[in-house]
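Biologist: I am new to reading structures like this one. Could you take me through it feature by feature?

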2 protein chains.
Amino acid sequence: MSLTIKLRIAPTISHFDLNRKTQKNPIISRTPIYHSNKLSTSLLFRTKKMAASHVVKSSLIEPDGGVLIDLVVPENQRELKASQAEGMEKVQLTKIDLEWVHVISEGWASPLKGFMREDEYLQSLHFNSLRMKNDDGYGSIVNMSLPIVLAIDDATKEKIGGANDVALVGPDQKIVAILRSIEIYKHNKEERIARTWGTIAPGLPYVEEVITPSGNWLIGGDLEVLSPIKYNDGLDSYRLSPKQLRKEFDRRQADAVFAFQLRNPVHNGHALLMNDTRRRLLDMGYKNPILLLHPLGGYTKADDVPLDVRMEQHSKVLEDGVLDPETTIVSIFPSPMHYAGPTEVQWHAKARINAGANFYIVGRDPAGMGHPTEKRDLYDPDHGKKVLSMAPGLEKLNILPFRVAAYDTVAKQMAFFDPSRAKDFLFISGTKMRTFARTGESPPNGFMCPGGWEVLVKYYASLQTEEAKATVSA
Amino acid sequence: MSLTIKLRIAPTISHFDLNRKTQKNPIISRTPIYHSNKLSTSLLFRTKKMAASHVVKSSLIEPDGGVLIDLVVPENQRELKASQAEGMEKVQLTKIDLEWVHVISEGWASPLKGFMREDEYLQSLHFNSLRMKNDDGYGSIVNMSLPIVLAIDDATKEKIGGANDVALVGPDQKIVAILRSIEIYKHNKEERIARTWGTIAPGLPYVEEVITPSGNWLIGGDLEVLSPIKYNDGLDSYRLSPKQLRKEFDRRQADAVFAFQLRNPVHNGHALLMNDTRRRLLDMGYKNPILLLHPLGGYTKADDVPLDVRMEQHSKVLEDGVLDPETTIVSIFPSPMHYAGPTEVQWHAKARINAGANFYIVGRDPAGMGHPTEKRDLYDPDHGKKVLSMAPGLEKLNILPFRVAAYDTVAKQMAFFDPSRAKDFLFISGTKMRTFARTGESPPNGFMCPGGWEVLVKYYASLQTEEAKATVSA
């Protein structure tokens, strides 16, 4: 599918009242954004702490480990490295392995410099964090909740033998990277799955599609990527690296960046909370909060809306003025999706630190899904934000838990759920939304902007056509 | 079974050359104890770090959180508290719940003040650690790898209703404790098991005997224990609390305490490494290293040797002079056993910090067992010591990984395994040892002291008699 996506780029705000020191250290309102539990205290302390700091930095938040990792080989060395790689044993990458190469190479996982070696893997599995090494062996802690690993099979391990370095070969059979000072260790899939997902029930999408078919060994090492990873799908220009995003935030003179991770179309409830967050940041004293609307672009499960459709839908949401293009950056987060709930939401937040966002919005059941074999959510819908608010290495990030939005049948618009008149609210789940779109039925007026809705209807109609064709030809 | 155990109490070393400052801060030899990998460096840095500190303290290592928790109600308040408890809703404890009450009440789990509330439970499950709260909300990290929780069923939850405090009732139907400011939250057993054990395979002993039959809710709160927990099994005098152990180490003027956790009989390989550890500590400059031989006394699986038999066996090992009573303290660690490998070994080490030990010995596959449904170890035998050496909150503890000991058929004694003449060594597993004792066959000479071996033979003979009786009466 080829399509043209129009995302307006906001102009530089040239007349912005620039007083960097005031901007970076506003007087923080003590009004917590989230009222229901300890999280508000946590938020309070975080903002208080931030307000106490008086250092003006070139960006809003330091990348994990202090330095943004960039593993793309400089152009003048590419030829040399490529010819070195030719002589090495080859390791074949899957499409999803390549997405991880992309993620690591641009520093989303800073300070990670390659696929995990065993000591990193074990820390990630057991502690959801890595200890940095410094002179006395006890460095600071960075968050690292998902094992970012590369699996190989017995034959590949055999072939590699005692080599120090290997070449990584993309799905198109071209060499894309070198992995240096490698370490090969056992891939205990059962343990990895249990500790990452908190279940080993059959039917977890990433497990079934990625882990189960993969080899019994993991290979870690330092990554050198021969040239920036591109997908040539018409969307590469929206794949801004953390370095590019940081530059863009500086260019816009943002004094707060709030990231919103999503893998679904944007409805007006999302828009409400993003706009509400901006208003609250302004109330707190920030002058130019920028929204990073950051759809996940890597692997998603089959019944999620594909990236290109989502990008078109997001574009309409900005065109229709539901979100303000002046204060919004839409970019693609290249990570694959694990659907690992409280474990994965930490990864989603941590990666946005590296991209320069100092506020992170978290909602109900982030990165969650239904239990694959039981009729319930796989995770307690509140655990994601609780775990995120306590996660080691994420102390410097301001977590913004949000109240649930639902369709207010009286006001005929999406609104924050008011438990005192619960019966007036209609919860429209993703599944329900998909059913509406599939059947051609319209959702309640005010649920989503018409332009965005049209994109979805078109997508689901095309799916039905394809399904019909498949049935006919079968 | 009733038995008399003779454990000689070492006399006070009255002529000990006391120069506390030199003792506490010896010049540390740079010889690492463990040679094979990064752990030696880690050890090196730890001891170096310790040597750099010049504070003379009343004990060798601070309890987690800085204060040793003691939740036993002072005698003059017991009557009052007991009558308060009478009026509260009752929660029935199992035998193993009571072991946890014991563990928490004496401060083994410091800074934990009761059964975990949800925020502690989630941190334990996801991060194997707890963040202490201080004024700005960001305190230090303490290790906490096992969820220490109390499960209740639907009916009990219903009965408790909106109460703030409940009374805990022991298996003998007497009230043993109060749990205050309670919080009740969901007990997602599948997730708890998967994240704690890294598998949900059927046949995990603690899961089958404790978790599966337990209720669907967890109740957390602050514990007040009405009087010290006693078992009246003839072994209570060996159940020294962390406070008592710390006092004993001070009385003996120990300048290093190395703890050895075990749930099996002591063979000469164990003795070799304990004696070798002492020698190495002396080489490092310590003047009076004390061994804490610390058998686990709570729940163990059915085919483990019971506590009373083990205590009698340990007694013989000291009587036979295999371990030196002058520099050894034998005491019982009251925790139940999870058999959760790398997750549990952190608990075993952390609890010994609270008991005042500043060195912890760790071997192959600590707290491990065979996979319940597959023909392999449940955990990679090296993961325990690796995870332990990297665990958050255990930085102040000196981890002493040990080399594998096996029976040297040439020297006819237990010796450190020498891979250059691997064929001379015989590995005698716990299973093999049990088979020897069951069949009345003698193990190789030098495997275990005769007095200790006799205890085991007697135990297994009694088992066979009981089995035979059971067969006859069936």
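**Reading the fold, the pairing and the charges**

Modeller: Start with contacts, meaning heavy atoms within 4.5 Å. In chain A, among contacts between residues at least 6 apart in sequence, 76% join residues at least 24 apart. Some ground rules: this is a predicted model, where local features need pLDDT of at least 70, side-chain atom pairs count only at pLDDT 80 or more, and totals for chains, interfaces and linings use all residues. Residues are numbered from 1 along each chain as its sequence is written, chains are lettered from A and ligands numbered from 1 in the order in which they are written, and side-chain values use heavy atoms, with hydrogens and water left out.

Biologist: How many helices and strands does chain A have?

Modeller: Helices (H or I, at least four residues) and strands (E, at least two) are DSSP runs, numbered from the N terminus. Chain A has 15 helices and 15 strands.

Biologist: What share of chain A counts as buried?

Modeller: Buried means under 20% relative accessible area, exposed means over 50%, and partly exposed is in between (1.4 Å probe, protein chains only). Chain A has 474 residues, and 59% of them count as buried.

Biologist: Please show me single residues.

Modeller: Take T196(A), in helix α7 (residues 189-197) of chain A. T196(A) counts as buried because its relative accessibility is 1%. Set aside its neighbours within four places in sequence. T196(A) then touches L125(A), L146(A), P147(A), H338(A), A340(A), T343(A) and, from chain B, R195(B). Now take H314(A), in helix α11 (residues 307-319) of chain A. H314(A) has a relative accessible area of 0%, so it is buried. Between H314(A) and P63(A) there are 27 Å in space, C-alpha to C-alpha, and they are 251 residues apart in sequence.

Biologist: Which residues of chain A does UniProt list for a domain?

Modeller: UniProt positions are given in the numbering used here, feature names are shortened, and annotations may be inferred rather than shown by experiment. The unreviewed UniProt entry lists residues 237-459 of chain A as "domain: Sulphate adenylyltransferase catalytic". That span is 37% helix and 16% strand, and its end C-alpha atoms lie 23 Å apart.

Biologist: Why can charged side chains pair?

Modeller: Side chains of opposite charge can pair when their charged atoms come close. A salt bridge is a side-chain nitrogen of Lys or Arg within 4 Å of a carboxyl oxygen of Asp or Glu. The rule gives 66 salt bridges over all chains. Eight salt bridges cross the interface of chain A and chain B. R131(A) and E395(B) form a salt bridge at 2.9 Å, N to O.

Biologist: Which parts of chain B does the pair E224(B) and K81(B) tie together?

Modeller: This salt bridge spans 3.1 Å, N to O. E224(B) lies in strand β7 (residues 217-225) and K81(B) in helix α3 (residues 75-86), so the pair ties together parts that are 143 residues apart in sequence. Both E224(B) and K81(B) are buried.

Biologist: Is D165(B) buried or partly exposed?

Modeller: D165(B) counts as partly exposed, at 22% relative accessibility. Its salt-bridge partner is R180(B), with the closest N and O atoms 3.2 Å apart. R180(B) is buried, with a relative accessible area of 17%.

Biologist: Which residues of chain A form a salt-bridge network?

Modeller: D408(A), D418(A), R421(A), K423(A) and D424(A) are linked in one.
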